[in-house]
Number of protein chains: 2
Amino acid sequence: MAKRRIVVVGGDAAGMSAASQARRLDRDLEIRVFERGPHTSYSACGIPYLVAGLVEDPSRLVARTPEEFREQGIHVSTRHEVTALDPSSRRVTVHDLVGGRLFEEPYDDLLLATGATPLRPPVPGIDAAGVFGVSTLVSGVALLRFVEEQRPRKVVVVGGGYIGLEIAEAFNCHRGLEVSLVERAPQVMGTLDPDMGALVSQALREVGIRLFLEETLQGVEVRDGRAVGVRTDKRLLEADLVVLGLGVVPQTELAKRAGLALGVRGALVVDSRMRTPTAGIWGAGDCAQTFNLASRRPFHVALGTVANKMGRVAGINLAGGDAVFPGALGTAVCKICKYEAARTGLLERELTELGIPWTGATIEESTRAGYYPGAGDMTVKLLAERPSGRILGGQIVGIEGAAKRIDVVATAIRGGLTAQDLVDLDLSYAPPFSPVWDPVQVAARRLLSLLKD
Amino acid sequence: MAKRRIVVVGGDAAGMSAASQARRLDRDLEIRVFERGPHTSYSACGIPYLVAGLVEDPSRLVARTPEEFREQGIHVSTRHEVTALDPSSRRVTVHDLVGGRLFEEPYDDLLLATGATPLRPPVPGIDAAGVFGVSTLVSGVALLRFVEEQRPRKVVVVGGGYIGLEIAEAFNCHRGLEVSLVERAPQVMGTLDPDMGALVSQALREVGIRLFLEETLQGVEVRDGRAVGVRTDKRLLEADLVVLGLGVVPQTELAKRAGLALGVRGALVVDSRMRTPTAGIWGAGDCAQTFNLASRRPFHVALGTVANKMGRVAGINLAGGDAVFPGALGTAVCKICKYEAARTGLLERELTELGIPWTGATIEESTRAGYYPGAGDMTVKLLAERPSGRILGGQIVGIEGAAKRIDVVATAIRGGLTAQDLVDLDLSYAPPFSPVWDPVQVAARRLLSLLKD
């Protein structure tokens, strides 16, 4: 009997987590991975720090190379793009991007782990030298080389999401360049409520980043083929380097052409076992939708943590196991020089849209005991269902040491805890780490009193 | 009608939390607090950092002074010791330690918040100059003065619990003195399992603290009335300063003489509302027992976090409200120079004694993404009930940035989460904060695989 054959499309977080997991659990599977780029399993999240000069070598961002996967008995073909998919005959068409050959590859099970595509608006000048995206290691290395060779002085970052903020930090705090950040929305970090987003804007300005909110990219000014500025609807910003961090959309062109079901934001529809509704086809990572544990509805989030977990679950199931990924909360954290911002669960706007009655509480506290050196301010916001008090969201903005506390909120949401439960939590305390009432609990106390009103 | 009159014995964390809470909720109560010492509401946990020279002034450790409480309408008498209690007539006898006067004070409700007494073994020389305890702000200030005036060079710390470790850190890392630590048990930080305790011992030795385990204090060598050394059962250690950190016992002499019910370790028996079985008498803080949320049994723990929470609940109930303190987990964290240690819930030994079948998993991981500057090693141990996988304990030892993660474990225990739930948690990630799988989740994955064996 021929071996069961699994084909994985995409060789990064989700795809390689799945392949490794399946390999570990079933030595008899044949596992073939096709990856369009030259790398496997790298930390896309590390690119801002590579660009900042904090990572000694780009290879440090690669968790495992194609060779290492091959040693595990996983057939990895890099620079191979899957261009077509026929679910009825269970075959994919593969394009060898180096050799130029096109071939068909049969599968028993197919995992789509194609990731997400960065948005790149078709404005004039967008393809000029000096304009970079940072979604792949290849693009990160190209940006690093540009920075080291061209020594730019004025950087414009377009987009105020996580990547945009981290890139702005990299050039401002670590490279000492003049950084302007352009964001179309009235706030950066749109995954925060406006009041908390305003604190991030304040932090950006305080560290010296020039912030242009409610301005839309209209084009890149080009001279001699090189970017020399960014034109918004309100002004022209000088720039000898432009970095785009405009967010991503699920990369599901292949799936769409094959007639697979697409859901939120065009992401692949998968169940909690990572199965699509189409026989033999699975999906995981940034290309797939997942389940929001706070809203109890499908949603899409492009984060490495979630991609890794989805990949692991897909891998277990591909190997005949039975694993379930219950869902996520969009928990995220971001460092901006000495400041930190984090969030989990739902926003005010989302709660209202869902028709969930809610109460929110926001407090300011110290990151450590007030008398301990390095103590700084942090703001915690908690959102809870009314009248139950069940925690549904949390946001933190503050000084170094503040933000990782979001994990307590994420754990509380997962556990169905209420504001009262948070107040009662036995969290750790010593003066170098926290005030005696952890700031999350101070927020919970405020929330509790508001819930009683 | 006369005002209802509440008497509080003890003016620190639990007592003043209760008094403040009751005052806020009921403006008509008469609230009288008697405190033996000169201070109210100070951070005993801050004393090691005061001694280290990190706190600019001892007054910084005082959260609120007697005057501030008086402004809130709370009658605070410092240097007043309650020496007797008659539950049948609802009266206490108070000794004015300054004026010398003895008087009786009636109460409608009495809150005992007498704290804990540091152990001070009656060995030769224990009362010599240069031997210090650090349980009160008065003793902390005396130690600070001694250090600044006498400039000791060789310090012996007796006792390897939290306070002992923090005092050893203070003199080693911040004052640059030669520090020896003597501990009777085979490990420091007895609230950890031996394997994790060994990592703390290793950390202490690495930062240059001389560690003498399984050695018992026999006496203090005295010359001209001053301590010059510490004698253990195995050696004589030179010392021009000796600090005792031998742990505490609940301070319940007064309660005992009045015939109140005493429980674990001689702590006051209270229910979840902080009521003792004796009518009109309540207890909170280090003098009272509480409920262990992991073992589901009464236990005693002397920690500021728990004392504050018990005090708050007592205060709400004293004011006629209805609050419950569900219990604690003994969650604690400790900094030793660049190292950190933390714990929550039950130990291996306790699980075995309770007859709970358990599985433990220990892993090493990086505090941040491996390529991010400042990333260091940390060890996470998780203990779970078998076969349910319900998390019942956690311990962390590692480099700066490691230990506050214990809060996720404490929250998970509170929420009844299992190893599988921990694996699925949506915790925050960015390279400066964590690897993509948080170390707690890596431990949960290991635990999960061991639970399946």
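Residues are numbered from 1 along each chain as its sequence is written, and chains are lettered from A in the order in which they are written. Because the model is predicted, local features need pLDDT of at least 70 and side-chain atom pairs count only at pLDDT 80 or more, whereas totals for chains, interfaces and linings use all residues; side-chain values use heavy atoms, with hydrogens and water left out.

The contact (heavy atoms within 4.5 Å) draws on 65 residues from chain A and 65 residues from chain B. About 5,300 Å² is buried between the two chains, with carbon and sulfur atoms giving 61% of this area, where buried area is the accessible area (1.4 Å probe) that two parts lose on being put together, summed over both. On the side of chain A, the residues that lose the most area to chain B are A:Tyr371, A:Asp426 and A:Phe433, which together make up 15% of what that side buries. Four salt bridges (a side-chain nitrogen of Lys or Arg within 4 Å of a carboxyl oxygen of Asp or Glu) are found across the interface, and a salt bridge joins the side chains of A:Arg414 and B:Asp421 at 3.2 Å, N to O.

Over all chains, six aromatic pairs are counted, a pair being rings of Phe, Tyr and Trp (its six-membered ring) with centres within 6.5 Å, classed as stacked if the planes are under 30 degrees apart, edge-to-face if over 60 and tilted for the rest. A:Tyr49 and B:Tyr372 form an edge-to-face pair, with 5.2 Å from centre to centre and 80° between the planes. A charge is taken to sit over a ring if NZ of Lys or CZ of Arg is within 6 Å of the ring centre and within 35 degrees of the ring normal; the face of B:Trp437 has A:Lys309 over it at 5.6 Å from the ring centre, and B:Arg445 at 4.4 Å.

Helix 10 of chain B (residues 406-414) has eight of its nine residues buried and is therefore largely enclosed by the rest of the structure, helices (H or I, at least four residues) and strands (E, at least two) being DSSP runs numbered from the N terminus. The elements covering these buried residues include helix 10 of chain A and, within chain B, strand 22, strand 24, strand 25, helix 11 and helix 12.

Definitions and conventions:
Buried < 20%, exposed > 50% of the residue type's maximum accessible area, 1.4 Å probe, protein only.
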